[in-house]
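User: Please take a close look at the salt bridging in this protein and at the part of the fold around it. I would like one connected account.

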Amino acid sequence: AEAAQFLPNDSTKTLRACLQCRQVMNKDQFLNLGCPNCKDLGMQGSEGRTLACTTSNFQGFISLIKPGTFLSRFNGLEGRKPGCYAL
């Protein structure tokens with residue numbers, strides 16, 4: 001249930017990706033929850049930090065369900081929490 005809050009929950013037009021870890025969520029999720037992988041960026045509660053540390057410019061995304069799988073290693077996502085990540 002906890003991981004579900006970090007999954008994109010809106011249309012794809014509002015999705016943004018963290019510049020550091022590539023986690024994909026919508027702007028409001030980054031603003032309310034911060035990035036689950038990059039707590040040090042301080043996005044939670046700061047719209048300026050959220051816009052500075054995320055981008056809407058990415059080609060697509062993959063869903064990481066089980067960390068440590070071949071797909072996560074192949075895409076450089078080992079050690080990341082389950083969720084959607086920009087390609």
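Analyst: The structure contains one salt bridge, a term that stands for a side-chain nitrogen of Lys or Arg within 4 Å of a carboxyl oxygen of Asp or Glu. Its partners are the side chains of K27 and E47, with 2.7 Å from N to O. This pair joins distant parts of the chain, 20 residues apart: K27 belongs to helix α1 (residues 27-33) and E47 to helix α2. Helices are DSSP runs of H or I with at least four residues, strands are runs of E with at least two, and both are numbered from the N terminus. In general, side chains of opposite charge can pair when their charged atoms come close.

K27 counts as partly exposed because its relative accessibility is 27%, and E47 is also partly exposed, at 40%. The classes are buried (under 20% relative accessible area), exposed (over 50%) and partly exposed in between, with a 1.4 Å probe and protein chains only.

Helix α2 (residues 47-53) also holds T50, which is buried because its relative accessibility is 0%. Beyond its neighbours within four places in sequence, T50 is in contact with K27, F30, L31 and M43, where contact means heavy atoms within 4.5 Å.

The model is predicted, so local features need pLDDT of at least 70 and side-chain atom pairs 80 or more, while totals for chains, interfaces and linings use all residues. Residues are numbered from 1 along each chain as its sequence is written, and side-chain values use heavy atoms, leaving out hydrogens and water. The mean pLDDT of the protein is 87, on the predictor's per-residue confidence scale from 0 to 100.
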